[in-house]
Amino acid sequence: MTIYNFSAGPAVLPKAVLEKAQADMLDYRSSGMSVLELSHRSNEFDAIIKEAEALLRELMAIPDNYKVLFLQGGASTQFTMIPLNLAQGKKAYYHVAGSWGKKAYTEALKLAKSIPMQPELLASSEEHKFSLIPLYDSSAIDPEAAYVHITTNNTIEGTAIYDLPDTNGVPIVADMSSNILAVRYQVDQFGMIYAGAQKNIGPAGVTVVIIREDLLNKEPVLSSMLDYSIQAKAESLYNTPPVYSIYIAKLVFEWIKELGGLDQMEVVNREKAGLLYTYIEQSPFYNNPIKNPRERSIANIPFTTPNEELDKKFVKEAEAKGFKNIKGHRSVGGMRASIYNAFPKEGVVALIDFMKEFESHNINK
Ligand SMILES: *Cc1c(COP(=O)(O)O)cnc(C)c1O
């Protein structure tokens with residue numbers, strides 16, 4: 001049976017990447033050592049991390065005045081590092097369109113009790129169960145504020161921001177964990193971008209940070225591990241980095257480049273998502289909670305059947321047929337198809353076939 005892994009993260013990796021990693025496993029480039037055993041100060045690893053950075057710069061067209069960091073602690077640690085490094089006693093706005101954005105805001109509120117900063121809720125769609133991207137009046141943003149935090153793709157709820165909002169000149173800090181490298185964003189429109197790797201980049205354990213140089217601390221005053229400027233100066237080697245995760249990320253970047261780069265990735269992703277949305281749209285049986293097509297995620301697609309009983313039945317039967325991890329997040333229920341870069345189009349086609357079959361057996365019952 002073919003297994004299709006719809007996990008929201010850690011998520012499916014390209015088979016070609018896993019095969020390459022397998023071939024390299026015991027003896028990396030005739031070093032007689034596995035990548036898992038390489039010193040992070042070795043020439044071999046130095047080449048790996050430099051290539052990883054160069055490839056990411058090329059794929060995303062990252063301008064020279066941005067630093068690329070490979071950090072640890074997941075995207076969740078960024079919820080703390082961002083205010084610590086960037087708030088500088090000023091206002092920091094949070095645009096909350098999903099559970100992760102809410103967490104980022106909540107962390108800022110907590111930190112504001114111990115560091116000088118002023119977190120402001122710019123907009124929230126929580127009262128709509130985060131089924132839409134909330135609007136706001138950009139002229140209300142204090143132009144002296146430190147940053148506006150947004151989430152480009154709401155992994156749990158299935159919405160996304162493709163056209164960046166007007167922030168009255170204030171730098172945008174974006175959590176791009178679930179759609180980095182899935183669609184094209186212009187990096188120079190951001191002050192900072194960050195992403196946990198386990199959705200669209202590689203294995204868990206490494207977090208990518210892309211930060212404009214002028215936002216770095218001039219004088220390090222923070223705990224070193226949490227200071228972007230120290231991490232940047234040390235070229236992500238202040239302490240032992242997640243060597244293997246960075247190596248796999250490098251292989252994924254190579255894989256994307258070989259397939260034609262980010263723009264080609266986006267074409268394929270839009271095609272995959274389009275198939276599923278079009279099917280759900282015309283079906284009297286399935287429902288997608290995101291009503292505005294322009295706000296629909298191409299990475300995470302939630303859907304439901306007419307009732308919870310049928311949702312449970314769907315998940316059970318789907319699992320048995322090899323469609324793994326398709327259950328929706330516990331906070332929203334239903335189903336969620338996470339179809340990141342490495343998720344094959346055949347898997348989407350197979351899912352739709354299964355959905356049709358399930359619909360015909362269960363409609364009006
Ligand atoms: C998964 C996810 C996170 C949390 O990532 P961790 O690496 O587990 O901390 C944060 N934001 C978004 C948008 C996510 O999808």
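Start by selecting Phe 70, which stands opposite Val 208 in S10. Before you go on, some ground rules: this is a predicted model, where local features need pLDDT of at least 70 and side-chain atom pairs count only at pLDDT 80 or more, while totals for chains, interfaces and linings use all residues. Residues are numbered from 1 along each chain as its sequence is written, and side-chain values use heavy atoms, with hydrogens and water left out. Helices (H or I, at least four residues) and strands (E, at least two) are DSSP runs, numbered from the N terminus.

**The sheet**

Now widen the selection to S2 and strand S10 (residues 207-212), which pair in the antiparallel sense over 6 bridges. Two strands pair here if DSSP finds at least two bridges between them. Which strands come next as you walk across the open sheet? Its 7 strands run in the order S2-S10-S9-S8-S5-S3-S4, and the pairing is mixed. At the edges you find strand S2 (66-71) and strand S4 (118-124), each pairing on one side only.

Select helix H3 (residues 74-86) next. H3 packs on the sheet and touches S2, strand S3 (91-96), strand S5 (147-151), strand S8 (172-175), strand S9 (192-196) and S10; contact means heavy atoms within 4.5 Å. The direction of H3 makes about 155° with that of S9.

H3 and H4 pack at an angle of about 45°, with their axes 9 Å apart. That makes H3 oblique to H4: angles under 35 degrees count as roughly parallel, over 145 as roughly antiparallel, 65 to 115 as roughly perpendicular and the rest as oblique. H3 passes H4 in a right-handed crossing; the rule is that a crossing is left-handed if the near helix is turned anticlockwise from the far one by less than a right angle, and right-handed if clockwise. Show side chains for the contact: Ser 76, Phe 79, Thr 80, Pro 83 and Leu 84 come from H3, and Trp 100, Lys 103, Ala 104, Glu 107, Ala 108 and Leu 111 from H4. By class, this contact of H3 with H4 has 7 nonpolar, 2 polar and 2 charged residues. Ala, Val, Leu, Ile, Met, Phe, Trp, Tyr, Cys and Pro count as nonpolar, Asp, Glu, Lys and Arg as charged, and the others, Gly among them, as polar.

**H2 against H6**

Move to helix H2 (residues 43-60) and helix H6 (residues 243-258), whose axes come within 9 Å and cross at roughly 40°. H2 is therefore oblique to H6. The crossing of H2 and H6 is left-handed. Residues in the contact include Phe 45, Ile 48 and Leu 55 of H2, and Ile 246, Tyr 247 and Phe 253 of H6. Sorted by class, the contact of H2 with H6 has 12 nonpolar, no polar and 5 charged residues.

**H7 beside H9**

Next, pick helix H7 (residues 261-282) and helix H9 (residues 345-362), which pack at an angle of about 10° with axes 9 Å apart. H7 and H9 are therefore roughly parallel to each other. Among the residues that meet are Leu 275, Leu 276 and Tyr 279 in H7 and Val 348, Ile 352 and Met 355 in H9. The contact of H7 with H9 has 9 nonpolar, no polar and 5 charged residues.

Zoom in on Gly 9 and Pro 10, joined by a cis peptide bond with omega at about -10°. Pro 10 sits in the loop between S1 and H1. Then try Ala 61, in the loop between H2 and S2; its phi is positive, about 50°, although Ala 61 is not a glycine. Last stop: Ser 236, in the loop between helix H5 (228-233) and H6, has a positive phi of about 65° although it is not a glycine.

Note on methods:
Axes fitted to C-alpha atoms, helices over the stretch in contact; angles between N-to-C directions.
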